[in-house]
Every structure is written in C-alpha cells, then in structure tokens.
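Thanks for coming, everyone. Please bring up the structure, and I will walk through it.

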Amino acid sequence: MKFILNTGRTIRQGKYIENKLGQGYAEETSLCRIHPLDLLELGVEEGENILVKSEIGEIVLEVLADEGLPKGMVFISYGIHCNSIISPRTHGTGMPDYKIHEVEIFPTSEQRKTPTEILEQLGGVRYAGN
Amino acid sequence: MQEIKDMVCPFCGCLCDDVTLGIENGSIVSTDNCCTIGNAKFLGKNRLKNPIQKVDGKWIDITYDEAVDAAVDILLDADRPLLFGWSGTHGEAQCVGVHMNEILGGVIDSTTSVCHGPSILAIQEVGHPGCTLGQVKNRADLVIYWGCNPIEAHPRHMSRYTTYADGYFLDNAFRNRKVIVVDVRETETAKVADEFIQIKSGGDYAVLSSLRAILRGKADMIPASVAGVSKTQLMQVAEMCKTCSFGALFFGVGLTMAKGKYKNVRNAIELVDDLNRHTKFTLTPMRGHWNVYGANEVFSWMTGYPFAVDFCRGVAFYNPGETTAIDILARKECDACMIIASDPAAHFPRACVEQIRDIPMIAIDPFQSLTTPLADLQIPVAVTGIDAEGTAYRMDGIPIKVKKVMDSGYPSDTEILTRIYQKMLEVKGL
Ligand code: SF4
C-alpha cells in the first residue's frame with residue numbers, strides 16, 4: 001500500500017538525544033505510527049514489523065497504531081531509520097522532503113536494525129568506550 | 001547537595017532560564033523546572049573521556065595536542081571542506097568557525113538549512129513581523145501553532161509563554177487566551193487547542209491563501225472545502241484572528257519541510273501582514289536547537305549571510321539549494337568535513353551520510369553520536385550550559401548568557417576551535 005511519510009520530533013526521541021546508542025532511542029526511531037484502519041487493510045497488528053520502501057531504499061520498522069494520523073499517512077520520529085528512505089533532493093531550497101515522501105509498505109517477518117547496526121552496514125566503526 | 005538557581009537549559013529554542021540544578025560531588029544529580037528533555041540533557045552521561053582517532057579501521061585514544069594536529073591536517077589537505085553544525089554551541093565558538101572557514105575557503109552551514117532555512121528565505125523576501133516571547137506571554141489573547149507540536153518538541157513553550165502562562169495585560173489568561181492548532185495530524189498539542197484545523201498534507205499554502213482572501217473580503221471565491229478544511233471553519237478562524245487584540249502565530253518545520261517550503265512561510269508572513277490591517281499580529285518560527293538562531297545571527301554579522309555561506313571565491317556568497325549542506329553532500333562536492341554540535345548521520349538523508357563516510361571527517365562533540373562511527377577523529381568538549389558558558393539566542397532573537405555550573409577539565413568549543421585555528425594560521429604562515 002502507498003503512503004505519505006511524515007517525519008518529526010517526539011518527546012521520547014528528544015529525551016534520548018545524548019544517548020543515541022542506547023535501546024530507548026533505537027526503539028523510538030524505528031517505530032512507524034499508522035492509522036488503525038490502514039493497519040487493518042495492511043493485515044498487520046500493532047507491534048508487528050513492516051517493510052517501508054521508497055525510491056531510495058527500504059527499512060524495517062515496528063508499527064504503532066495512532067488515530068491522530070489521517071489515513072494514508074505514516075509518521076516516524078527523526079532518526080537514521082526514516083532518513084534511510086528519504087531522498088536528498090531539495091528542489092533548490094536546501095531542504096529535503098522530510099514531510100512529504102511517498103513510500104510503499106508491506107508486511108514483513110524481518111527484524112528491525114538498531115542505528116549502530118545500520119551505521120555498521122554503511123561501513124561505520126563502533127567505538128567501544130574508554 | 002548544592003542548589004544552583006536560574007540556570008539556562010541548553011536544549012531547545014525556548015532557552016528556559018529558570019532551571020534549578022542540584023549538584024553533588026561535582027556532578028548534576030537533579031533538575032527542577034526542566035521538561036523531560038532538558039532533564040535528560042542535564043543528567044546526560046557517557047561523555048567521551050579523551051579524543052579518539054580511527055587508524056586502519058580501529059579506534060585509538062589520543063591526546064588533545066595530537067587531535068588538534070590531526071584536525072589541522074585534515075582541514076588544510078582539503079580543497080572544499082564543509083564546516084557543518086554550530087546550532088548546539090555558543091556564539092563565541094561560531095565566530096571562530098567563520099574565521100576558520102575564511103582561511104579554508106570552504107562552506108560553513110548550520111542545521112538551519114534543514115530546519116528553518118526556508119523561513120529565513122521567506123523573511124528575506126517579505127520581512128519578519130516578530131516580537132519577543134515576553135510580549136506574547138503578557139499580551140497575546142490568541143495563539144496559533146501552525147505545523148508545530150510544542151508538547152513534544154518545545155515542552156515548556158505553552159506553560160512559559162502561551163496557553164498555560166499568566167499574562168500581565170490579560171484578565172484570566174488561562175481561560176481567555178484562545179489557541180488554534182493547524183496540522184496534518186492530530187497531535188497532543190492539537191488535542192488541547194480550542195480550535196483544531198486538520199489540513200491535508202501539502203495543503204498549507206492553499207489554506208493560508210484562503211484565510212487571506214477571506215480577510216480581504218473575497219470569501220465568495222472560496223470553495224466549500226480547501227485542502228480538507230471546510231469553508232465554515234475557515235470563516236470562523238478568520239473571524240477569531242481578526243477580532244483578537246493581539247495574535248501570535250508560531251510555526252514549525254511542518255511548514256518549512258512540506259510542499260511549498262519557503263513559499264508557505266512567505267504566505268504565512270503575508271497573512272500576518274493582512275491581519276495587521278485589522279489588529280496586532282506577530283509571527284515567530286519555533287526554532288529547534290537552543291542556539292540555531294545564534295548561528296544565523298553570527299554568520300550574518302560576520303559574512304552578510306545567515307547560513308550556507310561559501311568562501312570559495314575568497315568573498316562570502318550564499319545560494320540555498322547550491323551551497324546548503326544537503327546539496328553539497330548529495331553532489332559529492334566536499335572533500336573533508338568538520339562537524340560540530342550536531343549529528344548529521346542521524347538527521348541527513350542516507351546519500352549525504354554516505355558522502356560523510358567517504359571523506360575525512362572530524363567530529364567535535366562531548367558525546368558519542370551516530371556521527372561517531374563514521375568519523376576519523378572525534379574531539380570531546382565541554383557541554384555549554386554545564387561546564388562551559390557562552391551566548392545563545394532564544395527563538396525570538398533574544399541573546400541569553402548560558403552559564404557554567406562546574407569545571408570538568410574539558411576544553412570548551414571556543415577553546416578547541418581556537419587551538420585548531422591558531423595552528424592552521426601557523427602552518428600557513430599567516
Ligand atoms: S522547553 Fe526546551 S529549553 Fe525549556 S527545559 Fe525543555 S528542552 Fe529545555
């Protein structure tokens with residue numbers, strides 16, 4: 001099913017901003033909020049995983065029902081998960097389409113990745129601490 | 001436990017200056033008056049203990065002297081460095097950054113380009129009918145939040161300045177102050193509004209134009225519904241705005257990131273202009289980082305441009321869409337990067353993050369962030385507002401001194417940047 005991807009701030013995402021390697025941040029930024037009726041149509045239940053695909057790439061997220069959203073729109077808090085599927089085109093303004101990206105969503109049995117795992121996949125090296 | 005009062009919270013553009021901190025054995029153990037986010041910032045742990053450098057794909061610990069030398073090598077080796085971030089540091093450090101960029105001939109950009117950059121473009125076109133948050137608190141009997149969600153992003157905005165704040169010139173502000181929320185989703189903020197306008201995604205421009213048409217006596221032209229909003233509701237809202245004594249429109253990245261980008265903001269400013277023919281109305285962008293406004297101020301005084309300033313021609317120029325960080329990275333144009341007080345790996349589209357990975361990159365940040373794994377060098381610094389002080393600009397443009405509560409031994413951003421800058425001058429024989 002096709003959706004408009006909206007990204008933004010959530011208070012939990014803000015709370016973990018200085019601890020982005022922790023579990024709280026990883027969980028919050030990999031949640032995809034979606035209208036309960038859209039969930040029904042997708043045949044997915046709250047807490048299950050979905051695959052979100054855009055022209056840029058794809059990412060696995062966990063769904064959370066949110067009646068505040070209009071049908072046809074999904075919301076993900078700012079973070080590396082949503083940015084994995086956002087295009088860098090800015091239409092001459094410097095600003096990518098963080099709020100109006102078209103995506104397609106499918107049910108999946110794949111697991112979510114943590115931000116560190118995504119970075120390691122990109123070739124990043126985790127610092128173990130001192 | 002030692003109590004320190006009237007501290008400033010260095011997290012969001014509200015810059016709350018009434019925070020009380022409890023200190024025990026040289027660390028902050030409690031906060032009072034902070035919101036959840038500010039509290040987490042003050043109690044933040046896991047700071048990097050010393051500079052780290054990636055050598056042959058592995059991290060090693062290095063000294064500050066070695067880190068300064070390595071940073072100078074990376075920056076002076078580059079033909080087109082990008083110095084990005086700046087919104088989470090103090091104005092004094094931003095000044096050093098501009099000087100540094102001048103001798104490097106690179107591009108200096110702040111997180112503005114991915115938050116309210118479009119608002120600045122609109123303000124440059126039609127001006128800024130702004131006022132201080134104090135004016136709003138004490139006078140505004142109507143507050144509009146458009147494309148923003150303060151309950152989640154600026155948690156104390158409503159209690160300090162609007163909905164739940166007392167107003168000196170208002171009788172019973174709590175009851176009489178009306179709040180309108182305009183958004184594409186019904187957020188927590190929308191739930192506490194007197195009037196909620198839910199518009200279809202990308203419909204802001206049309207709704208703003210319709211309100212302006214109604215205010216100019218052209219209601220006949222408006223169809224029964226505009227971007228999902230009924231004409232009846234538009235008429236009612238236009239009337240509420242027209243008949244208030246002092247209206248304040250706050251808007252967020254819901255306007256700047258949506259379809260229309262800076263043209264949405266331009267239309268909002270012109271709506272405020274139209275409203276000023278009937279009553280007093282002002283407009284304020286809800287700035288995110290605690291000193292992102294300061295980065296715009298400092299860059300403007302020093303270069304003439306508020307963000308995305310390019311020095312490759314020897315003199316400063318700026319062209320958002322070309323010299324902005326996202327575009328420079330997406331075009332794979334820069335060949336080294338210094339990232340300070342921000343975390344682009346967490347907030348930039350993947351293609352830009354891949355470019356950051358592929359070039360030498362220095363991160364200056366007290367904490368490990370998502371940018372750390374991609375960096376070649378990270379230099380830990382003091383946190384302004386905790387173990388360093390400096391100037392910051394609140395979202396309404398008021399400069400506030402952010403204080404220091406303790407001495408941790410970490411160098412401040414200004415200190416570390418000055419060391420890198422001076423070494424650069426030395427190497428270049430300047
Ligand atoms: S509203 Fe912003 S400035 Fe105030 S305490 Fe919360 S995070 Fe800090």
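Start with B:Asp6. This residue is partly exposed, with a relative accessible area of 45%. On the terms: buried means under 20% relative accessible area, exposed means over 50%, and partly exposed is in between, with a 1.4 Å probe and protein chains only. B:Asp6 sits in strand E1 (residues 2–7) of chain B. Helices (H or I, at least four residues) and strands (E, at least two) are DSSP runs, numbered from the N terminus. B:Asp6 is not a glycine, yet its phi is positive, about 55°.

Some ground rules. This is a predicted model, where local features need pLDDT of at least 70 and side-chain atom pairs count only at pLDDT 80 or more, while totals for chains, interfaces and linings use all residues. Residues are numbered from 1 along each chain as its sequence is written, chains are lettered from A and ligands numbered from 1 in the order in which they are written, and side-chain values use heavy atoms, with hydrogens and water left out.

B:Ala341 also has a positive phi of about 55° without being a glycine. Look for B:Ala341 in the loop between E17 and H16 of chain B. B:Ala341 counts as buried, at 14% relative accessibility.

Next, the interface. How much area is buried between chain B and chain A? About 4,700 Å², and carbon and sulfur atoms give 63% of that. Buried area here is the accessible area (1.4 Å probe) that two parts lose on being put together, summed over both. The contact takes 59 residues from chain B and 47 residues from chain A. Contact means heavy atoms within 4.5 Å.

Now the polar side of that interface. The rule finds 18 residue pairs in polar contact across chain B and chain A, both at pLDDT 80 or more. A polar contact is a pair of N or O atoms within 3.5 Å; within protein, one must be able to donate a hydrogen and the other to accept it, and residues adjacent in sequence count only if both atoms are side-chain atoms. Which elements of chain B give two or more residues to the side that touches chain A? Among them are helix H1 (36–42), strand E4 (52–55), strand E5 (58–61) and helix H17 (350–358). H17(B) gives the largest share of that side, six residues.

On to charges. Side chains of opposite charge can pair when their charged atoms come close. A salt bridge is a side-chain nitrogen of Lys or Arg within 4 Å of a carboxyl oxygen of Asp or Glu. The structure holds 32 salt bridges over all chains. Three are found across the interface of chain B and chain A. One pairs B:Lys41 with A:Glu18, with the closest N and O atoms 3.4 Å apart.

Another joins B:Lys261 and A:Asp97 at 2.6 Å, N to O. That pair crosses between chains: B:Lys261 is in the loop between H12 and helix H13 (262–275) of chain B, and A:Asp97 is in the loop between helix H4 (80–83) and strand E6 (101–107) of chain A. B:Lys261 is buried, at 5% relative accessible area. A:Asp97 counts as buried too, at 14%.

Now within chain B. B:Arg80 and B:Glu333 meet in a salt bridge, 2.7 Å from N to O. B:Arg80 lies in the loop between helix H2 (64–77) and strand E6 (81–85), and B:Glu333 in the loop between H15 and strand E17 (336–340), so the pair ties together parts 253 residues apart in sequence. B:Arg80 is buried, at 15%, whereas B:Glu333 is partly exposed, at 28%.

B:Arg212 forms a salt bridge with B:Asp274, the closest N and O atoms being 2.9 Å apart. B:Arg212 is in helix H10 (residues 204–215) and B:Asp274 in helix H13, so this pair ties together parts 62 residues apart in sequence. Both residues are buried. They belong to a network of salt bridges, which also includes B:Glu125, B:Arg216 and B:Lys263.

Last stop, A:Phe75. Buried or exposed? At 1% relative accessibility, A:Phe75 counts as buried. A:Phe75 is in strand E5 (residues 73–77) of chain A. From A:Phe75 to A:Thr7 is 68 residues in sequence, but 5.4 Å in space, C-alpha to C-alpha. Not counting residues up to four places away in sequence, A:Phe75 touches residues including A:Thr7, A:Leu31, A:Cys32 and B:Arg185.
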